[in-house]
Amino acid sequence: MKHTPQFVRQIILTAVAVLAVALPGNAQTKPITDLQPTVILISLDAFRYDYLAKYPSPNLNYLARTGVRARWLIPSFPTKTFPNHYTIATGLYPAHHGIVENEFYDPQFDAVFNLHKREEVEKGRWWLGEPIWVTAEKQNQRTAALFFPGTEAEIAGRRPSYWKVYDDKLSNDDRIDTILQWLDLPQGQRPTLLTAYFSEADDVGHHFGPDSKQTRQAVFELDQAIGRLIDGLRSRQILAQVNLIIVSDHGMATSDPKNMILLDQMFDTSLAERIFWTPEIVSIFPRPGYEQQIYSSLRQHLPPQARVFRKSELPERFHYRDSARIAPLLVLPDEGWALMNREGLIAVNQSESGPSKGRHGYDNKLRSMRATFIGHGQAFKSHTVVAPFSNIQIYNIMARILGLKAAPNDGDSTAARQVLKRSKQREKP
(Lines give C-alpha, C1' and ligand atoms only; values in the text may rest on other atoms or scores of the structure.)
Protein backbone atom coordinates (compact mmCIF):
# COMPACT_ATOMS: atom_id res chain seq x y z
CA MET A 1 0.00 0.00 0.00
CA LYS A 2 1.37 3.42 -0.97
CA HIS A 3 1.13 6.00 1.82
CA THR A 4 0.72 9.71 1.10
CA PRO A 5 3.02 12.24 2.86
CA GLN A 6 0.01 13.41 4.90
CA PHE A 7 -0.66 9.83 6.04
CA VAL A 8 2.97 9.35 7.12
CA ARG A 9 2.87 12.74 8.89
CA GLN A 10 -0.30 11.66 10.73
CA ILE A 11 1.36 8.46 11.99
CA ILE A 12 4.43 10.37 13.22
CA LEU A 13 2.40 13.09 14.94
CA THR A 14 0.10 10.58 16.61
CA ALA A 15 3.12 8.69 17.95
CA VAL A 16 4.55 11.94 19.29
CA ALA A 17 1.23 12.71 20.99
CA VAL A 18 1.05 9.29 22.65
CA LEU A 19 4.66 9.53 23.86
CA ALA A 20 4.15 13.05 25.17
CA VAL A 21 1.17 11.93 27.24
CA ALA A 22 2.99 8.87 28.55
CA LEU A 23 6.07 10.73 29.76
CA PRO A 24 6.41 11.04 33.54
CA GLY A 25 6.45 14.81 33.32
CA ASN A 26 2.83 14.73 32.20
CA ALA A 27 1.58 12.76 35.16
CA GLN A 28 1.11 16.06 37.01
CA THR A 29 -1.10 18.59 35.20
CA LYS A 30 0.87 21.73 34.42
CA PRO A 31 -0.43 25.19 33.59
CA ILE A 32 -0.42 26.03 29.89
CA THR A 33 1.10 29.47 29.53
CA ASP A 34 1.64 29.67 25.76
CA LEU A 35 -1.83 28.90 24.39
CA GLN A 36 -2.51 30.25 20.91
CA PRO A 37 -6.11 31.17 19.95
CA THR A 38 -7.77 27.76 20.22
CA VAL A 39 -11.21 26.32 19.50
CA ILE A 40 -12.63 23.13 21.03
CA LEU A 41 -15.75 22.11 19.11
CA ILE A 42 -17.94 19.67 21.04
CA SER A 43 -20.90 18.02 19.32
CA LEU A 44 -23.72 16.59 21.45
CA ASP A 45 -25.77 14.68 18.89
CA ALA A 46 -29.53 15.45 19.11
CA PHE A 47 -29.14 17.68 22.18
CA ARG A 48 -32.37 19.61 21.69
CA TYR A 49 -32.28 23.34 22.40
CA ASP A 50 -34.58 23.09 25.44
CA TYR A 51 -32.68 20.31 27.24
CA LEU A 52 -30.65 22.98 29.07
CA ALA A 53 -33.81 24.11 30.86
CA LYS A 54 -35.67 20.81 30.79
CA TYR A 55 -33.06 18.61 32.49
CA PRO A 56 -30.43 19.24 35.21
CA SER A 57 -27.19 20.24 33.47
CA PRO A 58 -25.20 22.56 35.75
CA ASN A 59 -21.95 22.48 33.80
CA LEU A 60 -23.52 23.23 30.43
CA ASN A 61 -25.66 25.90 32.01
CA TYR A 62 -22.57 27.44 33.63
CA LEU A 63 -20.96 27.79 30.19
CA ALA A 64 -24.20 29.12 28.69
CA ARG A 65 -24.71 31.60 31.51
CA THR A 66 -21.17 32.95 31.69
CA GLY A 67 -20.54 32.81 27.94
CA VAL A 68 -22.91 33.29 25.03
CA ARG A 69 -25.72 31.08 23.81
CA ALA A 70 -28.22 31.25 21.01
CA ARG A 71 -31.88 30.95 21.94
CA TRP A 72 -31.60 28.03 19.57
CA LEU A 73 -29.51 26.91 16.61
CA ILE A 74 -31.32 26.37 13.31
CA PRO A 75 -30.28 23.07 11.71
CA SER A 76 -30.11 22.54 7.97
CA PHE A 77 -32.54 20.31 6.11
CA PRO A 78 -32.64 17.35 6.30
CA THR A 79 -32.26 17.35 10.07
CA LYS A 80 -29.99 14.31 10.04
CA THR A 81 -26.62 13.68 11.69
CA PHE A 82 -24.04 13.55 8.90
CA PRO A 83 -25.51 16.37 6.76
CA ASN A 84 -25.65 18.77 9.70
CA HIS A 85 -22.27 17.93 11.15
CA TYR A 86 -20.64 18.58 7.81
CA THR A 87 -22.61 21.82 7.44
CA ILE A 88 -21.21 22.93 10.80
CA ALA A 89 -17.73 22.05 9.56
CA THR A 90 -17.98 23.73 6.14
CA GLY A 91 -20.59 26.49 6.38
CA LEU A 92 -22.30 24.93 3.36
CA TYR A 93 -25.83 23.61 2.99
CA PRO A 94 -25.97 19.83 2.41
CA ALA A 95 -26.82 20.30 -1.27
CA HIS A 96 -23.54 22.19 -1.66
CA HIS A 97 -21.21 20.04 0.47
CA GLY A 98 -22.55 16.77 -0.91
CA ILE A 99 -23.52 14.89 2.26
CA VAL A 100 -27.22 15.17 1.51
CA GLU A 101 -28.38 12.35 3.79
CA ASN A 102 -26.95 9.66 6.03
CA GLU A 103 -27.34 7.37 3.02
CA PHE A 104 -27.53 8.53 -0.59
CA TYR A 105 -26.64 7.72 -4.20
CA ASP A 106 -24.23 9.55 -6.48
CA PRO A 107 -25.06 9.07 -10.19
CA GLN A 108 -21.57 10.15 -11.24
CA PHE A 109 -19.85 7.49 -9.11
CA ASP A 110 -22.75 5.03 -9.49
CA ALA A 111 -22.14 4.32 -5.82
CA VAL A 112 -23.92 4.61 -2.48
CA PHE A 113 -22.67 6.43 0.61
CA ASN A 114 -23.78 5.07 3.96
CA LEU A 115 -22.57 6.33 7.33
CA HIS A 116 -22.20 2.71 8.47
CA LYS A 117 -19.94 1.76 5.50
CA ARG A 118 -16.46 2.56 6.74
CA GLU A 119 -14.87 2.07 3.34
CA GLU A 120 -17.09 4.85 1.94
CA VAL A 121 -16.91 7.20 4.94
CA GLU A 122 -13.12 7.24 4.53
CA LYS A 123 -13.22 8.19 0.83
CA GLY A 124 -12.60 11.87 0.22
CA ARG A 125 -14.64 11.92 -3.00
CA TRP A 126 -17.90 12.18 -1.05
CA TRP A 127 -16.90 15.19 1.04
CA LEU A 128 -17.15 18.38 -1.00
CA GLY A 129 -16.37 21.90 0.16
CA GLU A 130 -13.63 22.69 2.69
CA PRO A 131 -14.13 21.75 6.36
CA ILE A 132 -12.60 23.95 9.02
CA TRP A 133 -9.84 21.45 9.86
CA VAL A 134 -8.66 21.51 6.23
CA THR A 135 -8.78 25.31 6.21
CA ALA A 136 -6.62 25.36 9.35
CA GLU A 137 -4.15 22.73 8.14
CA LYS A 138 -3.72 24.57 4.82
CA GLN A 139 -2.83 27.70 6.80
CA ASN A 140 -0.24 25.95 8.96
CA GLN A 141 -2.33 25.28 12.05
CA ARG A 142 -2.56 21.81 13.53
CA THR A 143 -5.92 20.22 14.22
CA ALA A 144 -7.13 17.20 16.20
CA ALA A 145 -10.37 15.29 15.65
CA LEU A 146 -12.16 12.81 17.83
CA PHE A 147 -14.95 11.24 15.76
CA PHE A 148 -16.36 14.34 14.05
CA PRO A 149 -18.00 13.25 10.73
CA GLY A 150 -15.64 13.86 7.82
CA THR A 151 -12.42 13.76 9.81
CA GLU A 152 -11.66 10.15 8.87
CA ALA A 153 -11.40 10.99 5.16
CA GLU A 154 -8.61 12.70 3.27
CA ILE A 155 -10.31 15.84 1.92
CA ALA A 156 -8.51 18.01 -0.62
CA GLY A 157 -5.41 15.96 0.12
CA ARG A 158 -5.43 16.72 3.86
CA ARG A 159 -6.45 15.23 7.19
CA PRO A 160 -6.30 16.56 10.75
CA SER A 161 -2.83 16.27 12.27
CA TYR A 162 -4.34 13.94 14.88
CA TRP A 163 -7.48 11.86 14.32
CA LYS A 164 -9.04 8.60 15.41
CA VAL A 165 -11.24 6.00 13.77
CA TYR A 166 -14.73 6.14 15.26
CA ASP A 167 -15.15 3.89 18.28
CA ASP A 168 -18.52 4.14 20.02
CA LYS A 169 -17.14 2.06 22.90
CA LEU A 170 -14.70 4.80 23.94
CA SER A 171 -16.01 6.20 27.22
CA ASN A 172 -16.89 9.84 27.76
CA ASP A 173 -14.06 10.19 30.27
CA ASP A 174 -11.57 8.83 27.74
CA ARG A 175 -12.86 11.20 25.09
CA ILE A 176 -12.40 14.21 27.36
CA ASP A 177 -8.98 12.99 28.48
CA THR A 178 -7.89 12.64 24.85
CA ILE A 179 -8.79 16.28 24.21
CA LEU A 180 -6.85 17.35 27.31
CA GLN A 181 -3.86 15.23 26.32
CA TRP A 182 -3.72 16.95 22.95
CA LEU A 183 -3.74 20.32 24.73
CA ASP A 184 -0.80 19.15 26.89
CA LEU A 185 1.44 18.85 23.84
CA PRO A 186 4.22 21.42 23.39
CA GLN A 187 3.13 24.51 21.49
CA GLY A 188 4.77 23.44 18.24
CA GLN A 189 2.75 20.21 18.26
CA ARG A 190 -0.40 21.41 20.01
CA PRO A 191 -3.54 21.69 17.83
CA THR A 192 -5.46 24.97 17.72
CA LEU A 193 -8.69 23.28 16.60
CA LEU A 194 -9.98 20.22 18.44
CA THR A 195 -13.25 18.38 17.88
CA ALA A 196 -15.13 15.74 19.86
CA TYR A 197 -18.44 13.92 19.37
CA PHE A 198 -20.89 12.40 21.86
CA SER A 199 -23.90 10.34 20.77
CA GLU A 200 -25.83 9.55 24.00
CA ALA A 201 -28.66 12.04 23.60
CA ASP A 202 -29.36 10.75 20.09
CA ASP A 203 -29.13 7.06 20.97
CA VAL A 204 -31.40 7.33 24.00
CA GLY A 205 -33.74 9.87 22.38
CA HIS A 206 -34.49 7.45 19.56
CA HIS A 207 -35.18 4.49 21.83
CA PHE A 208 -37.16 6.21 24.58
CA GLY A 209 -38.18 9.64 23.29
CA PRO A 210 -37.06 13.16 24.25
CA ASP A 211 -39.32 13.34 27.33
CA SER A 212 -38.11 10.11 28.98
CA LYS A 213 -36.22 9.52 32.20
CA GLN A 214 -33.53 7.84 30.07
CA THR A 215 -32.98 11.03 28.11
CA ARG A 216 -32.79 12.93 31.38
CA GLN A 217 -30.04 10.53 32.49
CA ALA A 218 -28.22 10.88 29.18
CA VAL A 219 -28.20 14.68 29.56
CA PHE A 220 -26.82 14.26 33.09
CA GLU A 221 -23.99 12.02 31.85
CA LEU A 222 -23.12 14.40 29.04
CA ASP A 223 -23.08 17.26 31.51
CA GLN A 224 -20.70 15.28 33.71
CA ALA A 225 -18.37 14.89 30.73
CA ILE A 226 -18.45 18.64 30.11
CA GLY A 227 -17.73 19.14 33.81
CA ARG A 228 -14.64 16.93 33.45
CA LEU A 229 -13.53 19.10 30.54
CA ILE A 230 -14.10 22.30 32.52
CA ASP A 231 -12.08 20.91 35.43
CA GLY A 232 -9.26 19.90 33.09
CA LEU A 233 -9.12 23.32 31.46
CA ARG A 234 -9.30 25.05 34.84
CA SER A 235 -6.44 22.95 36.25
CA ARG A 236 -4.35 23.99 33.23
CA GLN A 237 -5.36 27.61 33.88
CA ILE A 238 -6.84 28.06 30.38
CA LEU A 239 -10.60 27.88 31.00
CA ALA A 240 -10.95 31.62 30.32
CA GLN A 241 -8.63 31.51 27.28
CA VAL A 242 -9.67 28.45 25.29
CA ASN A 243 -12.77 28.92 23.13
CA LEU A 244 -15.36 26.23 23.73
CA ILE A 245 -18.15 25.77 21.19
CA ILE A 246 -20.87 23.32 22.25
CA VAL A 247 -23.31 22.47 19.47
CA SER A 248 -25.85 19.89 18.45
CA ASP A 249 -26.78 18.88 14.94
CA HIS A 250 -30.56 18.77 15.41
CA GLY A 251 -33.26 18.14 18.00
CA MET A 252 -35.64 15.23 18.57
CA ALA A 253 -39.39 14.83 18.12
CA THR A 254 -41.69 12.47 19.97
CA SER A 255 -42.86 9.65 17.74
CA ASP A 256 -45.98 7.59 18.40
CA PRO A 257 -45.35 4.02 17.17
CA LYS A 258 -48.92 3.96 15.83
CA ASN A 259 -48.17 6.83 13.42
CA MET A 260 -46.77 4.80 10.54
CA ILE A 261 -47.46 5.08 6.81
CA LEU A 262 -46.86 1.98 4.69
CA LEU A 263 -45.56 3.80 1.65
CA ASP A 264 -44.80 0.82 -0.58
CA GLN A 265 -48.53 0.12 -0.77
CA MET A 266 -49.09 3.47 -2.45
CA PHE A 267 -46.99 3.10 -5.62
CA ASP A 268 -45.37 0.42 -7.74
CA THR A 269 -41.86 0.19 -6.29
CA SER A 270 -40.65 -1.78 -9.35
CA LEU A 271 -40.86 1.48 -11.32
CA ALA A 272 -37.96 2.89 -9.29
CA GLU A 273 -34.29 2.19 -9.92
CA ARG A 274 -33.53 2.68 -6.24
CA ILE A 275 -35.33 3.84 -3.11
CA PHE A 276 -33.74 5.01 0.14
CA TRP A 277 -36.09 4.22 2.99
CA THR A 278 -35.85 6.26 6.17
CA PRO A 279 -38.84 7.03 8.38
CA GLU A 280 -38.52 10.82 7.96
CA ILE A 281 -37.60 11.11 4.28
CA VAL A 282 -37.93 8.58 1.45
CA SER A 283 -35.80 9.31 -1.63
CA ILE A 284 -36.98 7.78 -4.91
CA PHE A 285 -34.90 7.51 -8.10
CA PRO A 286 -37.47 6.52 -10.79
CA ARG A 287 -36.63 4.39 -13.77
CA PRO A 288 -36.43 6.48 -16.97
CA GLY A 289 -39.90 7.52 -18.08
CA TYR A 290 -41.71 6.57 -14.86
CA GLU A 291 -41.28 9.64 -12.66
CA GLN A 292 -44.73 11.02 -13.46
CA GLN A 293 -46.44 7.69 -12.83
CA ILE A 294 -44.84 7.30 -9.39
CA TYR A 295 -45.54 10.93 -8.55
CA SER A 296 -49.21 10.72 -9.58
CA SER A 297 -49.78 7.49 -7.67
CA LEU A 298 -48.32 8.95 -4.49
CA ARG A 299 -50.31 12.15 -4.87
CA GLN A 300 -53.46 10.08 -5.14
CA HIS A 301 -52.85 7.64 -2.27
CA LEU A 302 -50.82 9.46 0.38
CA PRO A 303 -52.70 10.34 3.58
CA PRO A 304 -52.74 13.99 4.73
CA GLN A 305 -49.84 13.29 7.10
CA ALA A 306 -47.32 13.02 4.23
CA ARG A 307 -46.56 14.72 0.93
CA VAL A 308 -44.59 13.86 -2.20
CA PHE A 309 -42.35 16.50 -3.79
CA ARG A 310 -40.46 16.73 -7.00
CA LYS A 311 -37.01 18.01 -6.13
CA SER A 312 -37.81 21.31 -7.84
CA GLU A 313 -40.96 21.69 -5.69
CA LEU A 314 -39.20 21.55 -2.33
CA PRO A 315 -39.48 24.77 -0.33
CA GLU A 316 -36.68 27.19 -1.22
CA ARG A 317 -35.88 27.64 2.47
CA PHE A 318 -34.68 24.02 2.53
CA HIS A 319 -31.79 24.88 0.15
CA TYR A 320 -32.15 21.26 -0.94
CA ARG A 321 -32.26 21.18 -4.73
CA ASP A 322 -28.79 21.80 -6.15
CA SER A 323 -27.29 18.33 -6.15
CA ALA A 324 -27.57 15.26 -8.34
CA ARG A 325 -27.31 13.25 -5.12
CA ILE A 326 -30.79 14.46 -4.10
CA ALA A 327 -33.44 12.14 -5.53
CA PRO A 328 -35.93 13.39 -8.16
CA LEU A 329 -38.84 12.47 -5.86
CA LEU A 330 -38.99 12.80 -2.08
CA VAL A 331 -41.74 11.88 0.37
CA LEU A 332 -41.84 13.81 3.64
CA PRO A 333 -44.13 12.99 6.59
CA ASP A 334 -45.48 15.30 9.25
CA GLU A 335 -43.67 15.62 12.57
CA GLY A 336 -43.79 12.42 14.57
CA TRP A 337 -44.92 10.25 11.66
CA ALA A 338 -42.83 7.49 10.09
CA LEU A 339 -42.69 6.26 6.50
CA MET A 340 -42.25 2.50 6.22
CA ASN A 341 -42.23 -0.36 3.76
CA ARG A 342 -43.44 -3.82 4.73
CA GLU A 343 -39.91 -5.16 5.15
CA GLY A 344 -39.02 -2.31 7.49
CA LEU A 345 -42.20 -2.78 9.51
CA ILE A 346 -41.43 -6.46 10.04
CA ALA A 347 -37.90 -5.57 11.19
CA VAL A 348 -39.27 -3.03 13.66
CA ASN A 349 -41.78 -5.51 15.07
CA GLN A 350 -39.05 -8.12 15.53
CA SER A 351 -36.58 -5.71 17.11
CA GLU A 352 -35.96 -6.13 20.83
CA SER A 353 -36.16 -2.37 21.35
CA GLY A 354 -39.36 -2.02 19.34
CA PRO A 355 -40.28 1.06 17.31
CA SER A 356 -38.53 4.35 17.92
CA LYS A 357 -40.16 6.76 20.33
CA GLY A 358 -38.08 9.68 19.10
CA ARG A 359 -37.21 10.82 15.57
CA HIS A 360 -35.47 13.59 13.68
CA GLY A 361 -35.08 14.43 10.01
CA TYR A 362 -38.22 16.55 9.73
CA ASP A 363 -38.75 20.15 8.58
CA ASN A 364 -35.97 22.24 10.09
CA LYS A 365 -38.33 25.03 11.15
CA LEU A 366 -40.08 22.75 13.65
CA ARG A 367 -39.59 23.54 17.32
CA SER A 368 -38.62 19.94 18.03
CA MET A 369 -35.76 20.09 15.51
CA ARG A 370 -34.08 23.12 17.11
CA ALA A 371 -30.47 22.56 18.12
CA THR A 372 -28.07 24.04 20.70
CA PHE A 373 -25.24 26.59 20.48
CA ILE A 374 -23.04 27.69 23.39
CA GLY A 375 -19.80 29.68 23.10
CA HIS A 376 -17.42 30.29 26.00
CA GLY A 377 -13.89 31.66 26.16
CA GLN A 378 -11.62 34.54 25.36
CA ALA A 379 -13.13 35.38 21.96
CA PHE A 380 -16.78 35.14 23.03
CA LYS A 381 -19.05 37.69 24.62
CA SER A 382 -20.09 36.88 28.17
CA HIS A 383 -23.48 36.73 29.88
CA THR A 384 -25.16 37.07 26.48
CA VAL A 385 -28.13 35.44 24.78
CA VAL A 386 -28.46 36.03 21.03
CA ALA A 387 -31.18 35.47 18.46
CA PRO A 388 -31.37 32.09 16.71
CA PHE A 389 -29.06 31.64 13.73
CA SER A 390 -28.38 28.97 11.13
CA ASN A 391 -25.66 26.38 11.62
CA ILE A 392 -24.07 27.46 8.32
CA GLN A 393 -22.63 30.36 10.36
CA ILE A 394 -20.46 28.30 12.72
CA TYR A 395 -17.66 27.77 10.19
CA ASN A 396 -17.11 31.52 9.90
CA ILE A 397 -17.19 31.95 13.69
CA MET A 398 -14.40 29.37 14.05
CA ALA A 399 -12.38 30.79 11.16
CA ARG A 400 -12.54 34.26 12.67
CA ILE A 401 -11.41 33.10 16.12
CA LEU A 402 -8.48 31.19 14.61
CA GLY A 403 -7.47 34.04 12.30
CA LEU A 404 -8.05 31.95 9.17
CA LYS A 405 -8.98 33.10 5.70
CA ALA A 406 -12.31 31.34 5.23
CA ALA A 407 -13.07 29.18 2.21
CA PRO A 408 -16.18 30.08 0.17
CA ASN A 409 -19.31 29.10 2.09
CA ASP A 410 -23.03 29.85 2.46
CA GLY A 411 -22.69 31.82 5.68
CA ASP A 412 -21.74 35.42 6.39
CA SER A 413 -20.41 37.46 9.32
CA THR A 414 -23.78 38.13 11.00
CA ALA A 415 -23.59 35.46 13.71
CA ALA A 416 -19.88 36.09 14.31
CA ARG A 417 -20.69 39.72 15.10
CA GLN A 418 -23.45 38.55 17.45
CA VAL A 419 -21.36 36.17 19.54
CA LEU A 420 -17.74 37.38 19.34
CA LYS A 421 -15.96 40.24 21.08
CA ARG A 422 -14.71 42.54 18.35
CA SER A 423 -11.43 43.27 20.09
CA LYS A 424 -10.60 39.58 20.35
CA GLN A 425 -11.22 38.58 16.74
CA ARG A 426 -8.22 37.69 14.64
CA GLU A 427 -9.88 38.02 11.27
CA LYS A 428 -7.62 38.23 8.24
CA PRO A 429 -8.54 40.32 5.20
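Hello everyone, and thanks for coming. One thing before we start: what you see above is a predicted model.

Let's begin with helix 4, which runs over residues 81–90. How many of its residues are buried? Ten of its ten, so this helix is mostly covered. Among those buried residues are Phe82, His85, Tyr86 and Ile88. Just after helix 4 comes Gly91, with a positive phi of about 75 degrees. Pro78 is joined to Phe77 by a cis peptide bond, with omega at about 0 degrees. For anyone new to this, most peptide bonds are trans.

Now to the rings. The structure holds 20 aromatic pairs, and I'd like to show you two. In one of them, Phe82 and Phe113 are tilted, with 6.1 Å centre to centre and 55 degrees between the planes. Which parts of the chain does this pair link? Phe82 belongs to helix 4 and Phe113 to strand 5, and they are 31 residues apart. Phe82 counts as buried because its relative accessibility is 11%, and Phe113, at 0%, counts as buried too.

The other pair is Phe373 with Phe389, and it is edge-to-face: 5.1 Å centre to centre, with 70 degrees between the planes. Here strand 18, which holds Phe373, is linked to strand 20, which holds Phe389; the two residues are 16 apart. Both Phe373 and Phe389 are buried.

Back to Phe82 for a moment. Together with Tyr86, Phe104, Phe109, Phe113, Trp126 and Trp127, Phe82 forms one aromatic cluster. Elsewhere, Arg274 lies over the face of Tyr105, at 3.9 Å from the ring centre.

Let me finish with two alanines. Most residues other than glycine have a negative phi. Ala46, though not a glycine, has a positive phi of about 65 degrees, and Ala156 has a positive phi of about 55 degrees. Where are they? Ala46 is in the loop between strand 1 and helix 2, while Ala156 is in the loop between strand 6 and strand 7. Are they buried or exposed? Ala46 is at 0% relative accessibility, so it counts as buried. Ala156 is at 63%, so it counts as exposed.

Technical notes
Residues numbered from 1 in each chain as written. Predicted model: local features only at pLDDT ≥ 70, side-chain atom pairs only at ≥ 80, totals over all residues. Heavy atoms only, no water. Buried < 20%, exposed > 50% of the residue type's maximum accessible area, 1.4 Å probe, protein only. Helix = DSSP H or I, 4+ residues; strand = E, 2+ residues; numbered from the N terminus. Phe/Tyr/Trp six-rings, centres within 6.5 Å; stacked < 30°, edge-to-face > 60°. Lys NZ or Arg CZ within 6 Å of the ring centre and 35° of its normal.
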